[in-house]
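Welcome to this tour! Keep your viewer open, and follow along as we pick out one part after another.

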Amino acid sequence: MIISLAACGDGERDSDSSGGGNGGSGSGEGDGGSASGTYTLGTTESVTAMDPAGSYDFGSWNMQYAIFEQLLAIPAGADEPVGDAAESCEYDDPQTVTCTLREGLKFSNGNDLTSSDVLFSFERNLAINDPNGSSVLLGSISNGDAEAQALADGAIETPDDTTVVFNLNKPDATFTKVLATATASIVDEDSFPADAIVDDADVIGSGPYTLDQFENGQQAVLKANPEYSGDRAPQTETVFVRYYNDPAPLRTAISSEQVDIAYRTLSPTDLSSLEEEGDVEVLRGEGSEFRYWVWQLNFDKAGKDVAVRQAAAQIIDRDAIAERAYDGTVEPALSIVPPGFAGQKDSFESYGEPSADAAKAILDEAGVQTPVKITLGYTPTHYGPNAVDEAQELRDQLNSSGVFDVQLDDLEWEQYQTAYKEGQYDLFILGWYPDFLDADNYLSPFVRDGGFYENGYSNPEVNQLLDQEVGETDETARNEILGQIQDIVAEDVPLIPSWNGQNVAVATSAMEGVQETLDPTYIFRFWEISKNE
């Protein structure tokens, strides 16, 4: 991001205003017919679901930002939301947000987009509660029933076609930022079932692009939406997205200009060699990517014992992982909140230098028999080729301590998401790109009642502190609460932070707009990219 991350997530929000204005890069007279040309993006990311109710991953969300409108949006280089489908969304008080929709909104099929569709979209996302979905972000309008999750009674009012009123179940200073995420994508109530995920190729949105073709794992084709009239007017008529199951052919594709952009994920070695060759541009932006290892506390797993979790946290050598697995291109992480976010605290510093002796002392005091057998899970391509190197490095560190006996196991991404929730691994790797730029987005989704990965961790004190910080408007007081949460997480160790990274893309010299979209939001703004033919 161009602006400093020190300004992000500062816990301060005017109580009477958020997200107004006509931000974005478009003309405000968006018309898919004014776009021209094509470009091709290559990626190793995969799509879990094009349906906003069925995914919570990088590859899916970036497609959804192009296909759907949200009530609000984050422009490139910014950290506060502006209007998208809504002209504005304003806090009437800390628990009430009123959004006013733009006039004349239409879905790509010609259907009108009204407040009824907005209500349907949020109600549907919560009710489906897909295990791979992101309804966890909608806790402020949920009924709170884990067994039968639904929109809380009276949580959304639609007094007319262009007004949506959110009545939150608690003060939530981050809610308007949630309204700018893909989980808040607006779907057509006449095209989407209320209780099921639609097929990928059948999604209908009102965003700058339509999904013209899609073959999962192969290619997606985006076409400029002629019905779109918002501020994110596409600069390019047709965008091809090619999916690669391995970084090697992606590296070949960008170096030979078979694709115009390679975005997520090439190895550090590939990036270095491409820079040396000089035929394409390696573009680096400020990032907030986070990689971490999660303990499975459900089932009969070794990680149910806090001493086991603390012992592993005592052994992990993040500097060695950064150097040996990533050639020094990432920064070791000592908190689950990245540096630069207000309230961040390096709470895992409490473990000091990596020490097998200290780990053994923890286990001995707890009466845990060693070596502790664990299965370490990873996914070999979703996070790039170096995830394998990281998994092997962590395995070797734990095994060489003499107090662990680690076996590696891996699955590709779609199967992996199910496997880690079903208890196939004791400890498993995940990555995170922020939904919105605030410390809470690295806390609430992770450590409230098992988090989105459903690992079984629950601490009533943490839950109480999360409720406090999200409603606290005094920056100093909120930062103190955020620090307390991070300290408790470091003591409980439901997960182990590993590293933070940059936002990197590779592009040919003909491409424009790529550098500008490489900010800590990790939103790839397809609509702002063009190619000089």
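Which residues lie nearest the centre of the largest pocket? Select Ser135, Val136, Gly139, Gln149 and Arg448: of the 32 residues that line this pocket, these lie nearest its centre. A pocket here is an open set of points on a 1 Å grid over the protein atoms alone, where a 1.4 Å probe fits, with protein on both sides within 12 Å along at least five of seven lines; lining residues have an atom within 4 Å of a point.

Before going on, a word about the model. It is a predicted one, where local features need pLDDT of at least 70 and side-chain atom pairs count only at pLDDT 80 or more, while totals for chains, interfaces and linings use all residues. Residues are numbered from 1 along each chain as its sequence is written, and side-chain values use heavy atoms, with hydrogens and water left out.

**Stop 1: the pockets**

The largest pocket holds about 870 Å³ of space, a volume being the space filled by probe spheres set on the grid points, which are joined across faces, edges and corners. Now colour α11 (444-447) and α12 (460-471), as each supplies at least two residues of the lining. Helices (H or I, at least four residues) and strands (E, at least two) are DSSP runs, numbered from the N terminus. The lining has 10 nonpolar, 13 polar and 9 charged residues. Here Ala, Val, Leu, Ile, Met, Phe, Trp, Tyr, Cys and Pro count as nonpolar, Asp, Glu, Lys and Arg as charged, and the others, Gly among them, as polar.

Move to the second largest pocket, with a volume of about 340 Å³. Select Ser46, Gly217, Asn245, Thr381 and Glu412, the closest to its centre among 15 lining residues. Helix α10 (residues 413-421) gives the largest share of this lining, 3 residues.

**Stop 2: an open sheet**

Next, show β4, β5, β7 and β6: in that order, these 4 strands form an open sheet with antiparallel pairing. Two strands pair if DSSP finds at least two bridges between them.

**Stop 3: strand β17**

Select residues 495-507, which make up β17; 12 of its 13 residues are buried, so the strand is largely enclosed by the rest of the structure. Buried means under 20% relative accessible area, exposed over 50%, and partly exposed in between (1.4 Å probe, protein chains only). Look for Tyr292 opposite Pro497. Strand β11 (residues 261-263) is joined to β17 by 3 bridges, and Ile261 faces Ala507.

**Stop 4: two loop residues**

Is Ser350 buried or exposed? Find Ser350 in the loop between β13 (331-332) and α8 (356-366); its relative accessibility is 62%, so Ser350 counts as exposed. Then go to Ile523, in the loop between α14 (514-517) and β19 (530-531). Ile523 is buried, with a relative accessible area of 7%. Draw a distance between the C-alpha atoms of Ile523 and Phe58: they are separated by 8.7 Å, although the two residues are 465 residues apart along the chain.
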